[in-house]
Amino acid sequence: MAEMQQGKNKILMFRLLKDQSKEAAKLVFQTEHTFSYSRELDKIITKDGAVVKVGELETEVSIDAIQAKDDPVSDMLQTSVLKGEKLELWEVTVDEELKDQEGKYPAVYCQGYLDSWEPTASAEDESAVSSNFIVELEPQFGMATLTEEQQEAVQYAFKDTVAEATP
């Protein structure tokens, strides 16, 4: 029987394209994101009936998060907007039931640019940020590896009550 997929298990990770020698990192306190795939369809009326002209795929990712006091990923993303730097983005579905035998998770990978960085500061709520990632070309689907450090950024692991040995 099919089971529902939980939105909280889908996280976004980022890296500047020029920094491919570094690991991708998670923006902390993500609250919501939306992948939008669209195509313009033009209906052309002919004497034989309507035909449809199919446009190119357009993809974007809207991003919402609570601002952290000290998040280097947030700083990097803001700078990428200010400098017009190209980014890599992964949407990784961190669900143990979907992990493959090699320990990889289902993921969507794309390259593009943030077209905005909008921090908000409400008197009654947490400071938040929203942004919009414009994808170049087509997103690619595959499996992604998460390092132990990246997995800890997603969710801390259970720790026992006894003291841990120091290395």
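Predicted model: local features only at pLDDT ≥ 70, side-chain atom pairs only at ≥ 80, totals over all residues.
Residues are numbered from 1 along each chain as its sequence is written, and side-chain values rest on heavy atoms, with hydrogens and water left out.

The protein chain contains two helices and seven strands, where helices (H or I, at least four residues) and strands (E, at least two) are DSSP runs numbered from the N terminus. From that terminus on, the order of elements is β-β-β-β-α-β-β-β-α. Of the 167 residues, 30% count as buried; here buried denotes under 20% relative accessible area, exposed over 50%, and partly exposed the range in between, with a 1.4 Å probe and protein chains only. The chain exposes about 11,900 Å², of which carbon and sulfur atoms supply 50%; accessible areas come from the Shrake-Rupley method with a 1.4 Å probe, and for residues only the protein chains shown count as cover. Among contacts (heavy atoms within 4.5 Å) between residues at least 6 apart in sequence, 65% join residues at least 24 apart.

The seven strands form an open, antiparallel sheet in the order S2-S1-S5-S6-S7-S4-S3, two strands being paired if DSSP finds at least two bridges between them. Strands S2 (25-26) and S3 stand at the edges with a single partner strand each, so one side of each lacks a neighbour in the sheet. Helix H1 (residues 72-83) packs on the sheet, where it touches strands S1 (10-16), S2, S5 (87-93) and S6 (105-120). The direction of H1 makes about 70° with that of S6; axes are lines fitted to C-alpha atoms, for helices over the stretch in contact, and angles run from 0 to 180 degrees between N-to-C directions.

Strand S1 is largely enclosed by the rest of the structure, because six of its seven residues are buried. Seven bridges join S1 to S5 in the antiparallel sense, and Leu16 has Leu87 as its bridge partner in S5. On the pairing of S1 with S2, the two strands run antiparallel over two bridges, with Phe14 opposite Ala25 in S2. Elsewhere in the sheet, strand S4 (residues 49-66) is joined to strand S7 (residues 128-144) by seven bridges, again in antiparallel fashion; the bridge partner of Ile63 in S7 is Ser131.

Val92 belongs to strand S5 and is buried, with a relative accessible area of 1%. The C-alpha atom of Val92 is separated by 6.4 Å from that of Leu12, although the two residues are 80 apart along the chain. Apart from neighbours within four places in sequence, Val92 is in contact with residues including Lys10, Ile11, Met13, Tyr105, Ala107 and Leu146.

Four salt bridges are found in the whole structure, each defined by a side-chain nitrogen of Lys or Arg within 4 Å of a carboxyl oxygen of Asp or Glu. One of them joins the side chains of Glu88 and Arg15 (2.7 Å, N to O). This pair links strand S5, which holds Glu88, to strand S1, which holds Arg15, across 73 residues. Both partners are buried, Glu88 at a relative accessible area of 2% and Arg15 at 15%. In a further salt bridge, the closest N and O atoms of Glu85 and Lys18 are 2.7 Å apart. Glu85 lies in the loop between H1 and S5 and Lys18 in the loop between S1 and S2, 67 residues apart. Glu85 counts as buried at 16% relative accessibility, whereas Lys18 is exposed at 63%. Glu136 and Lys86 also meet through their side chains in a salt bridge (2.6 Å, N to O). Here Glu136 of strand S7 is linked to Lys86 of the loop between H1 and S5, 50 residues apart; Glu136 is partly exposed at 35%, and Lys86 is partly exposed at 22%.

Leu41 is located in strand S3 (residues 30-46) and is exposed, with a relative accessible area of 54%.
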